[in-house]
Amino acid sequence: MRRRALVSMLPLVLCAAAAKAQGSPPATDVFLAPLSMRAGLPTIGTPAPITSWRGYDNQPSFTPDGRSILYTSVREDEQADIYRYDRTTRRATRVTRTNPESEYSAVVMPGGKRFSVVRVERDSTQRLWSFALDGSAPRVVIEQLKPVGYYAWVDATHVATFVLGRPNALVVVDLTTGRADTLARNIGRSIARLPDGGGFSYVQLRDSTATLTAVRGGHASDLIALPRGAEDVAWLPSGGVLASSGAKIYAWTPGDAGWAVAADLASRGLSNVTRMAVSPDGRAIAIVAERR
């Protein structure tokens with residue numbers, strides 16, 4: 001690891017986060033599908049939409065009990081806020097209402113009492129913030145680290161962040177000491193905690209290759225090259241991993257020689273599958289895609 005000071009970098013704006021400045025983001029929806037294992041390969045059932053708004057719905061994450069899904073939605077006012085979908089009632093409620101600030105990538109934090117977001121502030125600064133579960137009591141998580149694009153909680157006191165720059169950087173912050181370590185540069189947007197809790201993964205970009213890389217104990221090791229066109233991954237509780245490209249979702253288990261197609265959603269009217277989230281029990285998957 002190379003230790004770096006928490007330095008403000010030149011603010012580059014995410015496509016989604018720049019909705020107000022650059023027009024409407026893509027019309028994506030969040031779909032929920034059953035997930036099971038068959039002969040060692042994940043099987044994805046028929047996806048059902050949980051969003052009905054025809055604009056931008058994206059970045060789903062399950063709550064720790066698996067009963068709800070948090071996601072970002074951009075509505076008529078071009079305001080990005082966090083919504084919560086209840087899997088039992090099949091209804092969504094708005095959690096944040098913070099115009100002109102916008103919130104993205106909501107995740108319930110370790111401890112379960114608050115959720116974190118990437119917040120685009122009034123001056124377009126992007127930092128990691130947190131809210132109470134009801135959307136109240138906002139506060140900055142890391143004061144000086146910016147502009148943050150994506151992140152994942154490694155444990156209760158460490159967070160791995162994608163910091164926008166030229167090139168983008170992987171910065172891991174110790175919230176107890178304030179120390180920030182830059183582990184890699186030129187990385188992809190997908191950062192995820194490993195299912196066994198022993199570290200996290202990120203995507204290393206090299207020329208035309210995107211490689212899934214794991215970090216354990218501060219040491220990085222390449223796992224496997226992603227399928228062509230893939231940039232988003234999601235880990236299964238069993239230790240396997242999913243990657244999306246086009247209308248297909250691929251699966252790989254450490255030890256396997258390569259990726260296998262777990263689902264082709266083109267026949268179900270979906271295209272451009274991007275972000276995915278797997279429920280804590282491994283029996284459901286939330287999928288972001290566009291309707292054909």
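This report describes the nonpolar core, the aromatic pairs and the charges over rings in a predicted model.

## The largest nonpolar core

The largest nonpolar core contains 19 residues. Those that touch the most other members are Ile 44, Leu 242, Ile 249, Leu 265, Val 278, Ile 285 and Ile 287. Two or more residues of this core come from each of strand E2 (29-38), strand E23 (248-252), strand E24 (260-264), strand E26 (276-278) and strand E27 (284-291).

Leu 242 illustrates these contacts. Leaving aside residues up to four places away in sequence, Leu 242 touches, among others, Pro 42, Val 233, Ile 249, Trp 259, Met 276, Val 278 and Ile 285.

## Aromatic pairs

The model has four aromatic pairs. One of them joins Tyr 150 and Phe 162 in an edge-to-face arrangement, with 5.2 Å from centre to centre and 80 degrees between the planes. Tyr 150 belongs to strand E13 (residues 148-155) and Phe 162 to strand E14 (residues 158-163), so this pair ties together parts that are twelve residues apart in sequence. Tyr 150 is buried, at 12% relative accessibility, and Phe 162 is buried as well, at 5%.

Trp 252 and Trp 259 form a pair that counts as tilted, because their ring centres are 6.1 Å apart and their planes stand at 45 degrees. Trp 252 is buried, with 5% relative accessibility, whereas Trp 259 is partly exposed, with a relative accessible area of 21%. The cut-off for a buried residue is under 20% relative accessible area.

## Charges over rings

Two arginines are placed over aromatic faces. Arg 75 lies over the face of Tyr 83, 4.3 Å from the ring centre. Arg 119 lies over the face of Trp 129, at 4.5 Å from the ring centre.

Methods
Residues are numbered from 1 along each chain as its sequence is written. This is a predicted model: local features need pLDDT of at least 70, side-chain atom pairs count only at pLDDT 80 or more; totals for chains, interfaces and linings use all residues. Side-chain values use heavy atoms; hydrogens and water are left out. A nonpolar core is a set of buried Ala, Val, Leu, Ile, Met, Phe, Trp, Tyr and Cys residues joined through side-chain atoms within 4.5 Å. Buried means under 20% relative accessible area, exposed over 50%, partly exposed in between (1.4 Å probe, protein chains only). Helices (H or I, at least four residues) and strands (E, at least two) are DSSP runs, numbered from the N terminus. Contact means heavy atoms within 4.5 Å. Rings of Phe, Tyr and Trp (its six-membered ring) pair if their centres lie within 6.5 Å; planes under 30 degrees apart count as stacked, over 60 as edge-to-face and the rest as tilted. A charge sits over a ring if NZ of Lys or CZ of Arg is within 6 Å of the ring centre and within 35 degrees of the ring normal.
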